[in-house]
Structures are given as C-alpha cells and as structure tokens.
Amino acid sequence: MTLPDAPCPCGWGEPLGSCCGRYLSGGPGGADAPTAEALMRSRYTAFVLGDVAHLLRSWHPGTRPDDLDLDPDVRWKRLVVLGTDRGSPFDDAGTVEFEAHYRHGGRRGVQHELSAFVRVGGRWVYEGPVGNRVA
C-alpha cells in the first residue's frame with residue numbers, strides 16, 4: 001500500500017496524494033488531469049501502482065483494449081519527460097514524449113514513446129503512440 005504523503009512515482013517531487021493520486025481511481029475528489037502531461041504522468045503512476053482501472057478509464061474509447069493485464073514482474077523505476085507539444089488546459093490535443101525506465105527479470109529496459117492525447121467530453125484521454133491516431 002502506498003501512502004498519500006509518499007513521493008509520487010511520476011517524478012514531479014510532490015506527495016502522491018496531492019500529485020497523481022488525485023487523478024487515480026479512488027483518488028480524493030476524482031479530479032481530471034488538467035493537461036496532457038499531467039494525465040501521462042498519472043498513467044505512469046498507475047502502471048507503478050497497478051491501477052488498471054485508471055489506465056482503462058483514461059484511455060480513448062476508440063483505442064482502449066477490452067481488458068489489461070499488467071506484468072507483475074515489471075518494476076517501473078523512473079519517468080523522464082522529454083518534451084510536450086500543446087496539451088495545455090486550453091488545447092484539445094497534444095503529445096508527450098517520454099522514457100519510462102523499468103526492470104524486468106533482472107534486466108534494465110526503457111520504453112520510449114511519443115504519445116498522443118485528446119479531449120473527449122472535456123477530459124484528457126490517452127489515444128496511443130503517435131501514428132495510431134483515431135480518425
């Protein structure tokens with residue numbers, strides 16, 4: 001169990017409860033992420049914590065899988081945001097480029113992705129890697 005005042009896994013340096021915790025399933029108030037980057041960071045935190053409900057809820061309905069099984073042997077270690085394009089509170093679309101560092105089976109790995117985000121019903125959602133855009 002992760003405590004709300006523990007450091008947030010996303011790397012912004014805030015406590016979990018006042019950072020990504022407020023966007024996760026069961027977070028106090030159930031707030032929506034105000035930017036594409038904030039949603040991407042909350043999704044990384046959801047991977048760290050195993051919060052499948054948040055991952056599915058924050059995925060675009062046109063690209064979302066029916067279910068999601070996380071590998072319990074993957075240990076997410078660090079998130080590095082490399083850049084953003086648009087995705088502000090005043091935009092309807094944006095991208096976030098990131099590296100998510102992990103360990104699996106004693107080996108290090110890095111997931112590098114340029115992710116597309118759009119607003120659906122006023123909420124930011126993850127659409128997928130750039131190149132997999134929904135028409």
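Two strands count as paired if DSSP finds at least two bridges between them. The views below show a predicted model.

View 1. Strand 3, residues 107-120, pairs with strand 4 in the antiparallel sense, over 6 bridges.

View 2. The open sheet has 4 strands in the order 1-2-3-4, with antiparallel pairing. Strand 1 (75-86) and strand 4 stand at the edges; each has a single partner strand, so one side of each lacks a neighbour in the sheet. On average, neighbouring strands are turned by 30° against each other, direction ignored.

View 3. Strand 2, residues 93-104, and strand 3 pair in the antiparallel sense over 12 bridges. R103 has R108 of strand 3 as its bridge partner. Helix 1 (residues 36-49) packs on the sheet and touches strand 1, strand 2, strand 3 and strand 4. The direction of helix 1 makes about 165° with that of strand 1.

View 4. A disulfide needs two cysteine sulfur atoms within 2.5 Å. The closest cysteine sulfur to that of C10 is in C19, at 3.7 Å, which is too far for a bond. For C20 the closest is in C8, at 3.6 Å, again too far. C10 is buried, with a relative accessible area of 0%, and C20 is buried, at 1%. The whole structure has 0 disulfides.

Definitions and conventions:
Residues are numbered from 1 along each chain as its sequence is written. This is a predicted model: local features need pLDDT of at least 70, side-chain atom pairs count only at pLDDT 80 or more; totals for chains, interfaces and linings use all residues. Side-chain values use heavy atoms; hydrogens and water are left out. Helices (H or I, at least four residues) and strands (E, at least two) are DSSP runs, numbered from the N terminus. Buried means under 20% relative accessible area, exposed over 50%, partly exposed in between (1.4 Å probe, protein chains only). Axes are lines fitted to C-alpha atoms, for helices over the stretch in contact, and angles run from 0 to 180 degrees between N-to-C directions. Contact means heavy atoms within 4.5 Å.
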